[in-house]
Amino acid sequence: MTATRPQPRPGVLDIAPYIPGKSTAPGVAKVFKLSSNETPLGPSEHAVAAYADIGKRLEDYPDGASAALREAIGNAYGLDPARIVCGAGSDDLLNLIARAYLADGDEAIHTTHGFLVYPIATLGTGAKPVVAAETNFTADVDAILKLVTPKTKVVFLANPNNPTGTYIPFDEVKRLHRALPGNVLLVLDAAYAEYVQRNDYESGLELVATSDNVVMTRTFSKIYGLAALRLGWMVGPAHVVDAINRIRGPFNVNAPAIAAGIAAMRDTAHVERSRTHNSKWLEWLTAEIGKLGLTVTPSVANFVLIHFPQTKGRTATEANDFLMKRGLVLRQVTAYQLPNALRMSVGTEEANRLVVQALKDFLGQSA
Ligand SMILES: *Cc1c(COP(=O)(O)O)cnc(C)c1O
């Protein structure tokens, strides 16, 4: 039967729309937004200046190849700029990867608490997201490998993962890669790589350089503090870069983002300050919230996942309401299969201390 109105392709209406972190708390004068893993230090002042300068020339199209930005990234990481593609956030790149490598009937694997963009990008192509169980809120290589079938075309792995903050050591990433068929594209999403301070962690640059089926995505939204500009990049083998370049928008990255990104990449002192701030307060929050009797999943990123009991008066939803009234905006993560947890970005010292005090008051109330 012919439909009476236009129909989206199969899969599109199966997508649960992405709900971004809240940015306001009704009725509260001062709001601390700790819901989207933004940096409390803001961007480099050089990035802000470069951004403002482009305001004088808004009539000009950006460089569609983002050549100067790719060169700056290449210099910083020792990469061939020809192997880099820039995008309007890593979201853009993840969606382009899905569009280039997935079709109706294909499968893409991600993990239970994996980033929500993976199933959204997958369903949008008509392919099927296949969910691999995690162990202790951490990706499980064996569980992923068990789900690989001839239909599998892509494996998405956030390392570290959001919203759990956990990671798998590079040896495990290599073991995963070794066991994957050569026609499966392994996508390593390293959005939080700059924050990780673990000897057994690597973002995957070496694996990308030496394989035909691995790409890595990175973002300027987190440690670089440029989330508003929507800027990310990926590095991959020449044949993947070629495919992505054919389907991306010809001007998919805007000029202010390119200018700010170059300046941000060069300001290594600012990145270092952000990393130092994060390490200190990540450790402090994990310890202090733990002392209140709540479980915090050990995180290597710039946020913590806090687990709440299911007892009335103590639940994650009630804690969220309580914190909201004080202007402390955390993230509910029910959409990530974590109904009993809240995710909190590492904030300023003031915000971090206020959250710990508020949680103490919340738990101190009689239920
Ligand atoms: C925040 C985040 C990104 C970055 O997305 P952008 O589109 O670059 O802002 C990518 N992957 C994960 C897992 C994230 O948490």
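Residues are numbered from 1 along each chain as its sequence is written, and side-chain values use heavy atoms, with hydrogens and water left out. As the model is predicted, local features need pLDDT of at least 70 and side-chain atom pairs count only at pLDDT 80 or more, while totals for chains, interfaces and linings use all residues.

Around the ligand sit Gly 89, Ser 90, Asp 91, Phe 115, Asn 162, Asp 189, Ala 191, Tyr 192, Thr 219, Ser 221, Lys 222 and Arg 230, each with a heavy atom within 4 Å of it. Sorted by class, that shell comes out as three nonpolar, five polar and four charged residues, with Gly counted as polar and Tyr as nonpolar. Helix H3 (residues 89-101) is the top contributor, giving three residues; helices here are DSSP runs of H or I with at least four residues, numbered from the N terminus.

Polar contacts (N or O pairs within 3.5 Å) turn up at several side chains. Asp 189 places a side-chain N or O atom 2.6 Å from a ligand nitrogen. On its own the ligand has 390 Å² of accessible area, and the protein covers 93% of that (Shrake-Rupley, 1.4 Å probe).

Ala 65 belongs to the loop linking helix H1 (45-54) and helix H2 (67-77). Neighbours within four places in sequence aside, Ala 65 is in contact with Arg 70 and Arg 248 (heavy atoms within 4.5 Å). Val 85, 20 residues away in sequence, has its C-alpha 8.2 Å from that of Ala 65.

Conventions
A polar contact is a pair of N or O atoms within 3.5 Å; within protein, one must be able to donate a hydrogen and the other to accept it, and residues adjacent in sequence count only if both atoms are side-chain atoms. Helices (H or I, at least four residues) and strands (E, at least two) are DSSP runs, numbered from the N terminus.
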